[in-house]
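Q: Hey, can you walk me through this one? I'd like to start with a helix and then jump around.

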Amino acid sequence: MTAPSPAVDLTALGVVPSYFDAFGVERAPADTTRAALAGRFARSSLLAPEPIVATPGRHHPRLFGTLRREDGTTVRVSGAVDRAGYHMLTTDDGTVHQVLAAEEYLPQPPRTSGLAVQLYAARTRDSWGIGDFRDLAYIARTAGAHGAGMLLVSPVHAMAPVRPAPNSPYSPASRQWLNVLHIAPGDAPGAERADLSDLAAAGRALNTSRRIDRDAVSRLKEEALTRIWTVIRDDEPAEFRDWAAEHGDDLRSFATWTVLAETHGGDWRTWPGPYAHPCSPAVADFATRHADRVRFHIWCQWVADRQLAVACHSGVTVCLDAAVGFDFGSADAWLHQDLLALDFEVGCPADPWNREGQSWGLPPFDPHALTAAGFAPLRALVRSALRHAGALRIDHVMQLWRLFWVPVGGRVADGAYVRYPVDALLAVLRIEACRAGAWIIGEDIGTVAEGIRETMAAIGMLGYRTETGNRCAGNPENTVGAAGTHDQATIAGLLTGADQRDMARIGKAFDTADIERTRDELCRQAGLDPSEPLDPARIGTAILAQHRRLAACPSRIALATLDDAAAVAERPNMPGTVDEYPNWRIALPAPVEDLLATPLARDLLEVLRTRG
């Protein structure tokens, strides 16, 4: 394939001509990548004119014409719109433009502290092999009683109903709906009418292993929910009927995809041809023929939603985590396939944490097609996440500005950055967050282009900083400060060398000198001699010392991971691996009731409580 013609202005179409990676090396997309992007964007860029982003009550030079407001009313406008929302403007020449009218500033949290929780790993004694929404409510109540103000929760997005069950919460089937493995079956409405005793015993038995077996969990919970559905389906609660009606076609389409996935496998690209598109008559006929099973999955989403709502109103602000994308074979990809670039996948160039770069197996939205669709997928994602939660973390927030596109089957080094209509996307965030009264965290770790953090600060979006030692003292105020993330080593893993041994065992490259410097710093700030053996008591001392520094840092929110509160040596995820490391499958070493009652966890929460 040859390079695109000089007549095609790739920069104007959103392709970044070159970039500097995290090591200061300038990189450019491969010619084959540029040619593929030129062909795609030359077509999709014709779909819709550029939207108008406005502030209610403030003059905008393009706001002249007839405005159809979001509520259906129309008004003549002469330079300003009077309310926030999604409107349509028809100018005097007949051109129609989207108008995104958003307040300038996002809601703000108080100065506070909290815990980051990998929900799947946080099991109580009553869990069925995996952390669930009832466990989340317990953690929220307990953390709140010890002065915490928020919980950051790993993604709870819906997963494909297949076996082997998917493990990564960052590769979901849908970002709009919930993972039913997080349902506590015994708390489902109608559970008292079904005998679940045998399943509950089998579920609790799964807690004896630290390795989470999602296949076993899904079998038990599916059977439990089916038993409950069997006894209540002819007498549906009115609350459920109203909820299902409110969520309408979006929910029915997801439930239909779920039944199709149960029948034909979890990747819609391998289904019989008539089912390949959600709007086909064959899909409608399938949904009719499997109406009871479709209704069952709608009910499961209602149960999950009710239980998440309880957890989100248990004494602290719950911050949900929005994954950067979804699987190629997923429900979201099936439903939004006309808006996606299915010949590319999202990834990132090499950085100090992942020196080979990454490709994540997630299809990117075509920015021009997304604009033409009125940004509907983003609107639905944010609205659903903030239905109950008080805050939202956006994984890899740089996605709103640009994404690194890697050709499917190609090399990461051949990839290209593609720009997105960031002003419009940020307006959607502000509209939805302001309506919900929720605040937003943008995860801005890694390669961050110039100006992104300044724009985040200007609209009140919090950044994310992970620093050890005294470097957290330099955190900006408008950030969440933490000692690490799910992709980084825990403090115990650094101190004991367990994380380094894990990386060596699976052949993952690492910087020995940097690890030793960090370990030395963690020890010395705690008054420990790095050359002496580290027993659990000394590890606890080092964890508390790091969090004292964190509590004193300028960041608006100081965050400790539940892994550090439990002195866990294993990190939740080893980036760049799939089966070499048990990513997303390692449970905490004891029930969270016990872990949160340990002196280390109590002392850590007290350290964070004292931040002024």
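**Chat about the model**

Q: How many residues has helix 15, and how far does it reach?
A: Helix 15 (residues 512-525) has 14 residues and reaches 20 Å from its first C-alpha to its last. That is close to the 20 Å expected at 1.5 Å a residue; the expected span is 1.5 Å times one less than the number of residues. Helices here are DSSP runs of H or I with at least four residues, strands are runs of E with at least two, and both are numbered from the N terminus.

Q: Where do these values come from?
A: This is a predicted model, where local features need pLDDT of at least 70 and side-chain atom pairs count only at pLDDT 80 or more, while totals for chains, interfaces and linings use all residues. Residues are numbered from 1 along each chain as its sequence is written, and side-chain values use heavy atoms, with hydrogens and water left out.

Q: Back to helix 15: which residues are buried?
A: Ile515, Thr518, Arg519, Leu522, Cys523 and Gln525. Buried means under 20% relative accessible area, exposed is over 50%, and partly exposed is in between (1.4 Å probe, protein chains only).

Q: And what covers the buried residues of helix 15?
A: The cover includes helix 13 (491-496), helix 14 (498-506) and helix 16 (536-552).

Q: What happens at the start of helix 15?
A: A side-chain oxygen of aspartate 511 comes within 3.2 Å of the backbone nitrogen of alanine 513. After the helix comes glycine 527, with a positive phi near 75 degrees.

Q: Where is aspartate 535?
A: Aspartate 535 is in the loop between helix 15 and helix 16. Its relative accessibility is 37%, so it counts as partly exposed. The side chain of aspartate 535 reaches the backbone nitrogen of arginine 538 at 2.9 Å.

Q: How far is aspartate 535 from threonine 496?
A: They're 39 residues apart in sequence and 8.9 Å apart in space, C-alpha to C-alpha.

Q: New topic: how many residues of helix 11 are buried?
A: Eleven of its 15, so helix 11 is largely enclosed by the rest of the structure. Among them are Val422, Leu425, Arg430 and Glu432. Helix 11 covers residues 422-436, and just after it glycine 437 takes a positive phi of about 70 degrees.

Q: Now the inside. How many residues are in the largest nonpolar core?
A: It has 172 residues, and Leu151, Trp257, Trp299, Met461 and Leu562 have the most contacts inside it. Helix 7 (residues 291-312) gives the most to this core, with eleven residues. A nonpolar core is a set of buried Ala, Val, Leu, Ile, Met, Phe, Trp, Tyr and Cys residues joined through side-chain atoms within 4.5 Å.

Q: What does tryptophan 257 touch?
A: Leaving aside neighbours within four places in sequence, its contacts (heavy atoms within 4.5 Å) include Ala160, Pro161, Trp268, Trp271 and Trp334.

Q: Last one: in what order do the four strands of the open sheet come?
A: The order is 14-13-16-17, with antiparallel pairing. Strand 14 (358-359) and strand 17 (416-419) are the edges, each pairing on one side only. Two strands pair if DSSP finds at least two bridges between them, and strand 13 (residues 344-348) is joined to strand 16 (residues 402-407) by four. Glycine 347 stands opposite phenylalanine 404 in strand 16.

Methods:
Polar contact = N/O pair within 3.5 Å; in protein donor to acceptor, adjacent residues only side chain to side chain.
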